[in-house]
Amino acid sequence: MASRDAGQDPPALSEKENNGEAFDAVLASLTANLPELDAALAAKPGANRSGGFATARDHMEYGKLIQKEGREAISQICHRAWLQGLMPGFSGNASLRLGENCLITRSGAAKGNLRESDFALLHIPSGSPLNEIRASSECSMHLEIYRNQPQAMAVLHVHAPKLLALSLREPALDIQEKLNLPLFESGTIIPRLGSAPALEPGTQDLAKAVGLKARQFQAVLMERHGAAFWGADLFQALALAEELEHLAGIRLLI
């Protein structure tokens, strides 16, 4: 299933905290943008006629299902990116917005073969961890993109070799000038790409610089490092990364 704004995950509430009011608030967040999934789960035994859930356990089950589908979507995209050489070894990271939270790959995970334990959950406004998994060292960049760009439902950070190689050529030219090719697709793709200065990866300085650029650009090249892409889902983010890597490859051949 492609990623969508899935809602807030309830692990912050233990099963012992069977507080109907609190769980109703969690459910409202979860179901806001997943009406079809809500309807499917509402049809299960124990659901009430209004489409809600009868027990705290049902709420917990709902949140777990959303996270499971999120993990599957991230794993699929990261594997595709790895096959194309965009996420070699432990490089890069990916995340999905889930309401006020985000599901993100953990620090040091091999993106070509992600496992269930390779995902951290973070609260976007505060950055607080919501599970025990250590998030990617560049989680701050993902959080800043979500904070600055409300349309971003997914973020993908890759180390695209051709795009990086091109960025290292002719330092006086910006990346848009370097990708300015006499091709029709060049004129539609290049305006989506911005750039951030060469700042230390994993720092707040880089995260904030990329977040601000994400207000205007759907792709941000981080000089001497990699590129971040946001989209309505991870498939869209990866497609844009593929387009720019393709154009960079053509430019390197000329």
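Author: The second largest pocket holds about 190 Å³ of space. A pocket here is an open set of points on a 1 Å grid over the protein atoms alone, where a 1.4 Å probe fits, with protein on both sides within 12 Å along at least five of seven lines. Grid points are joined across faces, edges and corners, and the volume is the space filled by probe spheres set on them. Keep in mind that this is a predicted model, where local features need pLDDT of at least 70, side-chain atom pairs count only at pLDDT 80 or more, and totals for chains, interfaces and linings use all residues. Residues are numbered from 1 along each chain as its sequence is written, and side-chain values use heavy atoms, leaving out hydrogens and water.

So who lines the pocket? Lining residues have an atom within 4 Å of a point, and here they are Ser167, Leu168, Pro171, Leu173, Asp174, Ile175, Lys178, Ser195, Leu221, Glu223 and Arg224. Two helices, α5 (161-168) and α6 (175-178), each supply at least two residues of that lining; helices are DSSP runs of H or I, at least four residues, numbered from the N terminus. By type, the lining splits into 5 nonpolar, 2 polar and 4 charged residues.

Conventions
Ala, Val, Leu, Ile, Met, Phe, Trp, Tyr, Cys and Pro count as nonpolar, Asp, Glu, Lys and Arg as charged, and the others, Gly among them, as polar.
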